[in-house]
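User: Hi! Could you walk me through this model?
Analyst: Happy to, ask away.

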Amino acid sequence: MSGSVRLGAVSPASGAIRLAAEHFTAATLYLLAGSVGLVWIAPELAAGNFLSPHVAGVTHLFTLGWITMTIFGALYQLLPVALGAPIRWPKLGHTSFWTFAPGVGLFACGIADNSTLLYHVGVGLVAIGVILTVTNVAATLPRARSRDVTWAAIAIAITYLSSTLVLGVILLHNVHTGFIAAVRVQVLATHLHVAILGWALIMIVGVAHRLLPMFLLAHGANVRWTKRALGLLACGVLLLAVGITTRRDAASWTAVLLMEAGLACFIYQAVSFFRVRVRKRIDVGLRFAAAGLAFLIAAALFGPVVLWRGPSATRLATAYVVLGLLGGIVVFVSGFFYKIVPLLAWTARYSGPKRIEGAPTVAELFSARVAELQLGVMVSALIILSIAILIGSATGAYAGAALFALGVLLFLSQIGRAALGRPRRGIAT
Ligand code: HEM
């Protein structure tokens, strides 16, 4: 098993492999759809037109389709393995998948196309999928062996996901009624911060606390920073929601301070794990994670400027979300995908009581070189896209988006190879 994580440390829960696999497959397809959509909306991004329905549609291919679907799939693995809590209702996991997965596509197309029927059916399915998954996870958490920071992060994150849904439904109702009129931008800003920071980032902080030390073989780091990160981020997001919706500047600025401090604690925790690692070589999955952290820092630097300039600085606000969401969260999640999916594929094909002669290692299931190339392509793409948005260049935005789509194609080739690649000759599966 050289060049791969020790199976003993993250042995996948065999019963949940199918559940995780279907989520990961759908997530990858949505990432592809999102990257194609990104090219389509490139000129609107360059114009800072973040209120465009096209932008909202494509955004949710990434946020619900890629990020949320991947988190759901990872939770089905993580809860039994890391927290010792087998999923309460595995069959419900499949039901929620089959409502959420098609719902995301219908919802995204419905918003982008302004089709009331499509987005109503879509949001209905998405809402059922979210409610069923949140219920399943919430019913699983009490079975956990230990209630540590990862446990707390999952509990906080699913609470924020539920709030994201409520805010999203309000925004959707507004799309065809206009009932919140002047406060639309405030509710939108609240929705996207609750979703990106409260749901996705808090989940990442909690999961990274378990997985980073495993992947890096890091022992002896001071692990208290995750707890601080969680407290600061959770309070910061809540206060920001209050500050934005009630237009109290003091609350919003205090919230920004709390969130910046929370992110700093998370970064410090991650760096502490990297520092004490036994495995000196940093593999490509972890390089993606490190790049994701760098983009989060960039977005955090933009944050106060966006609040200071207000929503009228539309290109600045758009670049800020692109950096945080596509650069920070999407790239970080891609890194963990590279760590988890090949391992699951390896387990499904080659694990057993005896070592199979000639079986590849987990690391040999895909080409690290192509993955490195993909990382370079994606990082360049996001830098080009962000600069293009800031200077209002549609051509630059097209170039950045097209490069990003190329990166996603490389990703697909590697994940497809790891998941579907033929077993070597002579190996019984
Ligand atoms: C849970 C179900 C969700 C629903 C029903 C929903 C609904 C919506 C709607 C209707 C809009 C457009 C608002 C407008 O233009 O007035 C919107 C925007 C947005 N949402 Fe969601 N959302 C959901 C989940 C998420 C999640 C999980 C994330 C992030 C992780 C997210 C991030 C965003 C972002 C970044 C925007 C701004 C896009 C733009 O600039 O047009 N949403 N959402």
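User: What span should the 23 residues of helix H8 have at 1.5 Å a residue, and how far apart are its end C-alpha atoms?
Analyst: Helix H8 (residues 224–246) should span 33 Å, and its end C-alpha atoms are 34 Å apart, which agrees. The expected span is 1.5 Å times one less than the number of residues. Helices here are DSSP runs of H or I with at least four residues, numbered from the N terminus. One caveat: this is a predicted model, where local features need pLDDT of at least 70, side-chain atom pairs count only at pLDDT 80 or more, and totals for chains, interfaces and linings use all residues. Residues are numbered from 1 along each chain as its sequence is written.

User: Thanks. What comes just after H8?
Analyst: Arg 247, with a positive phi of about 55°.

User: And which residue follows H6?
Analyst: Gly 178, whose phi is also positive, near 70°. H6 itself has 29 residues and reaches 42 Å from first C-alpha to last, close to the 42 Å expected.

User: Switching to packing: at what angle do H9 and H10 pack?
Analyst: H9 (residues 249–275) and H10 (residues 284–309) pack at about 170°, with axes 11 Å apart. Axes are lines fitted to C-alpha atoms, for helices over the stretch in contact, and angles run from 0 to 180 degrees between N-to-C directions. That makes H9 roughly antiparallel to H10 (angles over 145 degrees count as such).

User: Which residues make that contact?
Analyst: Among them are Val 256, Leu 263 and Ile 267 of H9 and Leu 293, Ile 297 and Leu 307 of H10. Contact means C-beta atoms, placed from the backbone, within 7 Å. The contact residues divide into ten nonpolar, two polar and one charged. Here Ala, Val, Leu, Ile, Met, Phe, Trp, Tyr, Cys and Pro count as nonpolar, Asp, Glu, Lys and Arg as charged, and the others, Gly among them, as polar.

User: How about H2 and H4, what's their angle?
Analyst: H2 (residues 17–46) and H4 (residues 90–113) pack at about 10°, with axes 10 Å apart. That makes H2 roughly parallel to H4 (angles under 35 degrees). Their contact includes His 23 and Tyr 30 of H2 and His 94 and Phe 97 of H4.

User: Last one: which residues come nearest the ligand?
Analyst: Of the 31 residues around the ligand, Phe 50, Ala 56, Thr 63, Gly 168 and Ala 195 come nearest. A residue counts as near if its C-beta atom, placed from the backbone, lies within 6 Å. By class, the shell has 22 nonpolar, eight polar and one charged residues.

Key
Helices (H or I, at least four residues) and strands (E, at least two) are DSSP runs, numbered from the N terminus. Angles under 35 degrees count as roughly parallel, over 145 as roughly antiparallel, 65 to 115 as roughly perpendicular and the rest as oblique. Two residues are in contact if their C-beta atoms, placed from the backbone, lie within 7 Å.
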